[in-house]
Each structure stands twice: as C-alpha cells, then as structure tokens.
Amino acid sequence: MRTAFLEELVKLAEQDERIWLVCGDLGFSVLEPFANRFPKRYLNAGVAEQNMTGIAAGLAMAGKIVFTYSIANFPVMRCLEQIRNDVCYHNLSVKIVAVGGGLAYGSHGYTHHGVEDIAIMSALPNMAVAAPGDPQETRSITRILASRAGPAYLRLGKAGEPMVHKGDIAVDYGKAIAIREGSDLTLISIGGMLSTTVAAADKLSNHGYSVRVLSMPFALPLDEAAILSAAAETKAVLTVEEHGYGGLGTAVGECMARSASGTLFVPLRLGRSPIKVAGSQDQLRALQGLSVEGIARSAEDAYLRCIERTERPRNNEAGTGS
Amino acid sequence: MPSTVGELTSIANSLRAHAVRMVHRSRASHLGSCLSMADIVACLYWNTLKVDPQRPDWQLRDRFILSKGHGAAIIYAALAERGFFPAGELDSYCEMGSRLTGHITSGVPGVELSSGSLGHGLPVGCGIALAAKREQLPFRTVVLGSDGELDEGSSWEAILFAPQHQLDNLLLIIDYNKIQSFGTIKQVLDLDPLVDKFRAFRWAVREVNGHDMVQLVNAFSAVPFEAGRPSVVIAHTIKGKGVSFMENELAWHYKSPTEEQLALALVELGAGQ
C-alpha cells in the first residue's frame, strides 16, 4: 500500500505544484522517489511530530497541499493537538498519512500498534478518514484526498497486501464498494482486513451462505445508505476492522441503531486490552478472532442467532407466555 | 503612518487602555500579558509589519502570528485601530456570539492563526517561512511568543528546525515578562541563560528592553540579524506594564479590574475621563 500511495503521489505532484510531502524521519526505501524528484517540495522534519504537523499547517496556510507521513501512531497521537487546532480548526489541506496502521508492525510491540487512530481522527472537525483495503483503493483514495480541500487522515498498511480489486478502480468519496452480493449476511470491512474478509466470505459461501461484502474505505464520511441497505436486505451485519472500540463498528452500530432496523449487528474488532506479546500481523489478528476462520465462525454464529431470534416469538406464542 | 517614537509610545498606551476596558467589560483575564506586550505590538503594527487592512489576505503581506494566544485583547485592539475592523466591535470582546474570543482566533480580519494552547505558533510560522524561503517570496513571518511557552517541547522542536533550514525570513519575539501562569519563570522552569540557549541553537539573537521603543524599532528593522539564520528578539518586559498596581503581579494574569481599578488604570495610561 505504501508503495502504491507513493507512486500515486509522485504522479499527482507532477501535475500539481502545490503538493508537498513532509515526513517525520521515517520512510527509508519508500519516499526517495518523491524526495529525489521534488526536493523543493519534500521535507524531513526530523523526529519531531508536533513541529512536523505545525509546519504542515503553515505550508498549507501558504497554499500548499501537504501530506505528512510517519509510522502508525506517530503522526496521529504525538501531535494530536496540532492536528486539532492548527489543521482541523483552520480547515487546512493537510493529509496525515500513517503507514503500518492496525497490527502491521505486530512484532514491534504495543507502541507500534495503530489501533485507536480511526476513533481519534473521526472525532475531529472537518476531517475525512480513510483506510483503503488494498493497493488499488489506495491509489484512488490518494487521488481523492489530494483533490479535495481540507484535512484528511489516510491509514495505510505496509507492503505486500494482496490485491483484492483486479485492475484500476475509482472509489467515490465517502462511498462503500460492493465486492460480493448476498442476502443472508453482510460483512463490512475497513482497511487492511479486506482480503481476509473476502476469504471469510468465500468460506461462508462454500458452507451455503449468501454473503454480501462491502469494502468501506471511508470511516468518515460514512456511507450510511450502503449500511442501511445491508441492514434492510440481509439478516445480520458484521463489521471487520483491525482497530479497537470507536472505529467502524461504533459508527455502523450508531447508524443502524438510529434507523431502528432491528437487524442483528456484530462488530468484529480488537479487544480493549493492549496486545503485549510478539507475533506477525496474521498471528495477532488471529489471536483477536480476526482470521478467516474467526470471522467465518463469528458470521455463522450471528446467522444462527438471527434464526433463533426469528423463531423465538413463535415459541413464545405456542408457550404459556409470561 | 506615525513614525516618531513618541507617537508609537502613545499608540502603545492607547492599546493598553483598550485592553483594560475590554477585560474589565467582559470580566475576562490575561491583562498582565496584554500590557507587557503593548509596546512590541504598537511597534509591529505601526512600524514593522507590511500589512494592508484593506487587503487582509494580500499574498505578500508579512505574516504575524500571536503564539501566546491569551494576549488576544491587545491584538484585536491593534487590528481595529489599524482599520481591519471597526473599533466599536472591541466592545463585544468575549461576549456571547462575538467573533472576538478570549484566545485569538482566525476569522477575525488580520488574524493568521488561532492559538491559545502554547507552543503552536512557532512551528506554524516555520512552515510559512519555509514555503516563502523555497519560493523566494519577499514577505517575513513574525511570531510573538511568551516566556512560559518555552516550557513546551514543541517550541524547541521548532527552535531546532528554523536554523537547519536557514529561515532568515523568520523573526521570533519573546515577551520575556518573567512570570508564567502559576509562578515566576525562576520558580517554575528557569530559562536562563536564554540568550545562550538560542545562540547554541544557531539563532541570531538580540536582547532589548521591550518597553524602549527606540530599541524595538531598531531591532525589528534590522531583521535578519545575520544572513542564513533566524532572528530572535528577547524583549525584557514587565508583566502588567503601564498600570502600577498590575506590574509584576501574577494575579493580573487572571483578574479583571473593578470599576475603581479601571478608572485608576485609565488615568495612569493617560486615557482617563
């Protein structure tokens, strides 16, 4: 994803002289093509994220479109107040890019787990929050964010994410992408969980379920229409995210509660407790129930709960009641 | 535009009088901070800064950032007196629905950056100055900060950054009134030797009496002090300067004057009626 992002950014910067890239002393073997090509629009601000973000705000005040770039929590949390006050309040075109979102830096330990970012960024004014599902979505969303004025947050994975979309796609701002149609269950995925979610859907299909899969690369603005359609047209909705509380699950749950659809909703996400052990991204995901098998099992359980629920009133009618 | 030192000093006192009235009317705070920077602000807006009240967004204007956002009242007064908006609007300071919030906010004509949380102004100023430097735009960026906000790590990140990128189009002014929110600088986190700190960080430094208009005019008009280096003016000031009973009193970081104190203050500032 990070390479797809950078390649796209270089293309955009060729066409738009306002585009700058500012990093916090990270990006070795990734950012060099931009830095070499556009040295006057590239800056390594050093290991100083507050200053990096303030500088980005200043550059944006001078008319630039600025991408800040660092790992996981560093460009998000260390400089949160600069993002809130300097960038968001002034509605400046600063795009915060976090590489290695979720558990991509699994074995590096808890400091490198970016698992609260979507919740935090979604709380800020004027913000767009995106987490593409594969390199193709990354390219399209990078173009969108560069073309839209105002702040944005872009959560990327690392490298080597599987390609879910075959060929170039055009994502619409704030819209979900239909990956599979289905009528029993809906799986809504954000960010790097997409390929795993699709594999889980395939597994469920093999078990006879008709599964809808939505890629939801924008947590904000949220595609409420796609959520409400899924709630109306399938028996249960599950969200899948490499993130803790306050992310896509919270947003989708709130949307469904407001609509009073009555459709069962199950958020699949990381637990409240920090992950204190080493492990690869896949291993740590599995530990939290976010493997292909874990997602498929949770989806099957959800479906069975739906069946029980629809049968229960009949049992009550037949029984003595209360 | 007035050019004499006497006129600038007189303007500084009229800005002080505005601030005292505004903080009295709204029962707001931070009067001591406004008074310590009054001479600096008068010098900037009536002598140093290239700004045009008729064109607040003029692309080549000098950028002024108030990083000690709690000093908003006296900046609003200066902007109004320079004609960025009607002076009558100063009466609405901190009132319901007013755009003149207690900490400085953008959207008010002439205000570049909202601030109020400390340690934000210099990084943003570095970004503006960097853009201008790389594109060889002729304007300067001026950041007015407090001594207390040098406690913030983000200030020092930016102090490390500016010389690295040879931002000689950047001027930082420290309103060194020696009193921060809950104690003196000496008691809380002593900054001395402050000049040596900036020199060690490769800034070009001048120390002035922040209430001596000749020294202020001379220092601000000499920027950059050295080619290829950012400039910092460490302005030694007195918190509450100009109103005897407010001078060097921590309490005037918080208090608003009573009717009686207002009248006394205005007499001392030559604005009594």
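These legends describe close-up views of a predicted model. Residues are numbered from 1 along each chain as its sequence is written, and chains are lettered from A, with ligands numbered from 1, in the order in which they are written. In this predicted model, local features need pLDDT of at least 70 and side-chain atom pairs count only at pLDDT 80 or more, while totals for chains, interfaces and linings use all residues.

**View 1. The two domains of chain A.** Domain 1 of chain A covers 2-155 and domain 2 covers 177-310; such bounds come from an automatic or database domain assignment. Their centres, taken over C-alpha atoms, are 27 Å apart. In the contact between them, 24 residues of domain 1 of chain A meet 31 residues of domain 2 of chain A. Two residues are in contact if their C-beta atoms, placed from the backbone, lie within 7 Å.

**View 2. The side of domain 1 of chain A that touches domain 2 of chain A.** At least two residues each come from α5 (117-122), β5 (128-130) and α6 (135-147) of chain A. Helices (H or I, at least four residues) and strands (E, at least two) are DSSP runs, numbered from the N terminus. This side of domain 1 of chain A has 13 nonpolar, seven polar and four charged residues. Ala, Val, Leu, Ile, Met, Phe, Trp, Tyr, Cys and Pro count as nonpolar; Asp, Glu, Lys and Arg count as charged; the others, Gly among them, count as polar.

**View 3. Chain A against chain B.** Here 21 residues of chain A contact 18 residues of chain B. On the chain A side, α3 (49-61) and α4 (80-88) are the elements that give two or more residues. The most come from α3(A), with nine residues. By class, the chain A side holds nine nonpolar, eight polar and four charged residues.

**View 4. α3(A) packed on α6(B).** The axes of α3(A) and α6 (residues 153-164) of chain B lie 8 Å apart, at an angle of about 70 degrees. Axes are lines fitted to C-alpha atoms, for helices over the stretch in contact, and angles run from 0 to 180 degrees between N-to-C directions. The two helices are therefore roughly perpendicular (65 to 115 degrees). From α3(A), the contact uses Q50(A), N51(A) and G54(A); from α6(B), it uses S154(B), E157(B), A158(B) and F161(B). These residues divide into two nonpolar, four polar and one charged.

**View 5. L250(B) in its loop.** L250(B) sits between β7 (231-236) and α10 (259-268) of chain B. L250(B) is partly exposed because 16 other C-beta atoms lie within 10 Å (20 or more would be buried, 12 or fewer exposed; C-beta atoms are placed from the backbone). G32(B) is 218 residues away from L250(B) in sequence, yet 7.9 Å away in space, C-alpha to C-alpha.

Methods. Angles under 35 degrees count as roughly parallel, over 145 as roughly antiparallel, 65 to 115 as roughly perpendicular and the rest as oblique.
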